[in-house]
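Hello,

Here is the structure I promised to hand over. Please have a look at it first, and then read on for what turned up.

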Amino acid sequence: MSALKVVSSKLAAEIDKELMGPQIGFTLQQLMELAGFSVAQAVCRQFPLKDKTEAEKGKHVFVIAGPGNNGGDGLVCARHLKLFGYNPIVYYPKRSERTEFYKQLVHQLNFFKVPVLSQDEENWLEYLKPEKTLCIVDAIFGFSYKPPMREPFRSIVEELCKLQDRIPIVSVDVPTGWDVDKGPISQPAINPAVLVSLTVPKPCSTYIREKHTAHYVGGRFIPRDFANKYGFEPFGYESTDQILKL
Ligand SMILES: NC(=O)C1=CN([C@@H]2O[C@H](COP(=O)(O)OP(=O)(O)OC[C@H]3O[C@@H](n4cnc5c(N)ncnc54)[C@H](OP(=O)(O)O)[C@@H]3O)[C@@H](O)[C@H]2O)[C@@H](O)CC1
Ligand SMILES: [K+]
């Protein structure tokens, strides 16, 4: 793990800015689609449905989406999981008013008949039972989180922490509650079974417990020259894979 390539939160934000700047011209929607698609692939790789009983195949993937772009990745991931034969259900307690785009992602989930719990759903924990839930996708906060955690997320993450030994959690980009550079330095903080780093792992990923947490990189959208400019080598993705297990 010492050879792991990581970039600081500052650099990650710079990479995003340049990818979406006037020279390169990616849109946020494009990158988020690829990011969410990667996370869905990581769920498939880690929790394959092949050889599962019908009851196991019917288990929910419970996606919790936060108010920013990490949450957007979760909404996209849920749609792809449905296409991949999973049974996702989305909890999106604080919906972003930032752009029309987030509303469109919710419309798309409705179109795919993926249940999206109402914002003030009080019984959301009812959907989280080991016998009914394959895994939880933690798309609450990513690299822009700054502690201390505000409500309603503090209470939500505290509940997830109580469940995480019984239901595996897949964290998108940064485990929720972790400082992107320094790791789990404040509470509450999720201890994921799977981490999917996007574009390139952030320094906090060096604090995962290797035996406990499977680590994937996803978000396969940069060429070699661009990676080298930011001080890392591209990851050795195979074939058409959108994820690589590190
Ligand atoms: N190239 C890539 O790799 C790509 C990466 N992408 C993804 O984007 C992620 C970064 O997204 P992001 O910048 O929107 O920030 P994110 O972490 O979702 O959080 C911001 C929200 O959280 C809130 N908030 C913050 N602190 C809080 C607190 N203490 N308590 C409560 N709320 C708090 C904050 O609220 P505010 O402070 O603004 O009121 C705001 O609403 C990145 O990790 C990756 O997953 C892709 O989608 C695109 C390609
Ligand atoms: K997260």
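**A loop residue to start with**

Thr-199 is found in the loop between strand S6 (194–198) and strand S7 (214–218). Please keep in mind that this is a predicted model. Thr-199 has a positive phi of about 65°, although this residue is not a glycine. Thr-199 also takes part in holding a polar contact: one of its polar side-chain atoms lies 2.8 Å from an oxygen atom of ligand 1.

**Around the ligand**

Which other residues make polar contacts of this kind with ligand 1? Asn-70 is one of them, with a polar side-chain atom 2.8 Å from an oxygen atom of the ligand. Gly-142 uses its backbone instead, placing an N or O atom 2.6 Å from an oxygen atom of ligand 1. On its own, ligand 1 has 950 Å² of accessible area, and the protein covers 84% of that.

The space that ligand 1 takes up is the largest pocket. Two elements give two or more residues each to the shell around the ligand: helix H2 (28–46) and helix H4 (69–83). Of these, H4 supplies the largest share, with three residues.

In total, 22 residues surround ligand 1, and the closest are Asp-16, Asp-73, Gly-142, Ser-144 and Lys-146. How many of the shell residues are nonpolar, polar or charged? The shell divides into 10 nonpolar residues, six polar ones and six charged ones.

**Two cis peptide bonds**

The peptide bond from Glu-151 to Pro-152 is cis, and its omega is near 5°. You will find Pro-152 in the loop that runs between strand S4 (133–139) and helix H6 (153–163).

The peptide bond from Gln-187 to Pro-188 is cis as well, with omega near 0°. Pro-188 has its place in the loop between strand S5 (169–172) and strand S6 (194–198).

**The chain as a whole**

Stepping back, the protein chain holds seven helices and eight strands. Taken along the principal axes, its C-alpha atoms fill a box of roughly 45 × 40 × 35 Å. Why can the chain be described as a compact globule? For 246 residues, such a globule would have a radius of gyration near 18 Å, and the protein chain agrees with this because its own value is 17 Å.

Happy browsing, and best wishes

Conventions:
Residues numbered from 1 in each chain as written. Chains lettered and ligands numbered in written order. Predicted model: local features only at pLDDT ≥ 70, side-chain atom pairs only at ≥ 80, totals over all residues. Heavy atoms only, no water. Near = heavy atom within 4 Å. Polar contact = N/O pair within 3.5 Å; in protein donor to acceptor, adjacent residues only side chain to side chain. Areas by Shrake-Rupley, 256 points an atom, 1.4 Å probe, with all protein chains shown as cover. 1 Å grid on protein atoms, 1.4 Å probe; cavity = no way out; pocket = protein on both sides within 12 Å on 5 of 7 lines; lining within 4 Å. Sits in = over half its atoms within 2 Å of the grid points. Helix = DSSP H or I, 4+ residues; strand = E, 2+ residues; numbered from the N terminus. Nonpolar A, V, L, I, M, F, W, Y, C, P; charged D, E, K, R; others polar. Rg over C-alpha atoms; globule rule 2.2 N^0.38 Å.
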